[in-house]
Amino acid sequence: MIIRKNIDQHMKQLKEWLHETRDIGLEEMSSFFSSRIDGYEEHMSLWKDAYRRFAELLPQECIQILDLGCGTGLELDECFRRFPNLQVTGVDLCQEMLEKLCEKHGEKHLRTFCADYLSFDMGKNRWDAVISFESLHHFFPEQKLGLYQKIYHSLKEKGIFLLGDYIACCEEEESLLQKRYLQKREHFAIPDGQLVHFDIPLTLEHETSLLQQAGFSKVDAMDSIEGATILTAAK
């Protein structure tokens, strides 16, 4: 699986960006997205092919779906196009995003919750699939492991977790971003537990290992499109 076609160039640009933004603080997560709602879908259109591929990997028999970090539902646009009768529960921190999602798909079987999905009650043996696209790269491994364990137990037998996310191209990228994130939290005295927007992706090896530790029996990297890597994890 090729995560980045030109790692040297990517790392050079990343280091330049980190240098240029070294004195800029971190925005609270929901505020970050609220302030960008008008241009959000255009900005995310880079991944139109990834959304389509994401929906293609949703099993035919899926009915009950939980979408974590659903935003305005760009991945759900494609999922609903393929499966019009999906019953979807979407969780997101940004109320404005959820309102736009409901405007687009108000006629669908759709429930939304403005909440932190790290603490959201997903239930047990409830979902045919849990999905998330470009959202989970904001958390450290220990946070992800706890979330992945919750996802695993919330899935029905033979359920699937479908993840599309920013994956670090190498361990240098992973460690560099984590280090800068911690430096910024300390420098700007960000309280523990406050969710802020900063990318701290894991390598594919580390992401896969966490999913396996959480209990998933089979984890596969299916595709990588414009920096969005798509994985399936089977219960």
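Predicted model: local features only at pLDDT ≥ 70, side-chain atom pairs only at ≥ 80, totals over all residues.
1. Helices (H or I, at least four residues) and strands (E, at least two) are DSSP runs, numbered from the N terminus. Residues are numbered from 1 along each chain as its sequence is written, and side-chain values use heavy atoms, with hydrogens and water left out.

2. Let's stay with I37. Is I37 buried or exposed? I37 counts as buried, at 15% relative accessibility (buried means under 20% relative accessible area, exposed over 50%, partly exposed in between, with a 1.4 Å probe and protein chains only). Setting aside neighbours within four places in sequence, I37 is in contact with T72, E96, M97 and K100 (contact means heavy atoms within 4.5 Å). W17 is 20 residues from I37 along the chain, and their C-alpha atoms are separated by 23 Å.

3. Next, have a look at helix α1 (residues 7-20) and helix α8 (residues 171-187), which pack at an angle of about 5° with axes 11 Å apart. That makes α1 roughly parallel to α8 (angles under 35 degrees count as roughly parallel, over 145 as roughly antiparallel, 65 to 115 as roughly perpendicular and the rest as oblique). The axes are lines fitted to C-alpha atoms, for helices over the stretch in contact, and angles run from 0 to 180 degrees between N-to-C directions.

4. Who touches whom here? From α1 come H10, M11, L14, K15, L18 and H19, and they meet E172, E173, L176, L177 and R180 in α8. The residues of this contact of α1 with α8 divide into 5 nonpolar, 2 polar and 4 charged (Ala, Val, Leu, Ile, Met, Phe, Trp, Tyr, Cys and Pro count as nonpolar, Asp, Glu, Lys and Arg as charged, and the others, Gly among them, as polar).

5. At 15% relative accessibility, H10 counts as buried. Apart from neighbours within four places in sequence, H10 is in contact with R4, Y166, C169 and E173. L155 lies 145 residues away from H10 along the chain, with 36 Å between the two C-alpha atoms.

6. H10 turns up again in the lining of the second largest pocket, together with I2, I3, R4, K5, N6, Q9, Q13, S224, I225, E226 and G227. α1 gives the most to this lining, with 3 residues. By class, the lining has 3 nonpolar, 6 polar and 3 charged residues.

7. R53 is in helix α4 (residues 48-56). How accessible is R53? R53 is partly exposed, with a relative accessible area of 24%. Leaving out neighbours within four places in sequence, R53 is in contact with M222, D223, I225 and I230. Y152 is 99 residues from R53 along the chain, and their C-alpha atoms are separated by 23 Å.

8. Finally, check two backbone angles. Phi of E134 is near 50°, a positive value in a residue other than glycine. E134 sits in the loop between β4 (127-133) and α7 (141-154), and is buried, with a relative accessible area of 12%. For A189, phi is near 50°, a positive value in a residue other than glycine. A189 is in the loop between α8 and α9 (204-213), and is exposed, with a relative accessible area of 61%.

How values were computed: 1 Å grid on protein atoms, 1.4 Å probe; cavity = no way out; pocket = protein on both sides within 12 Å on 5 of 7 lines; lining within 4 Å.
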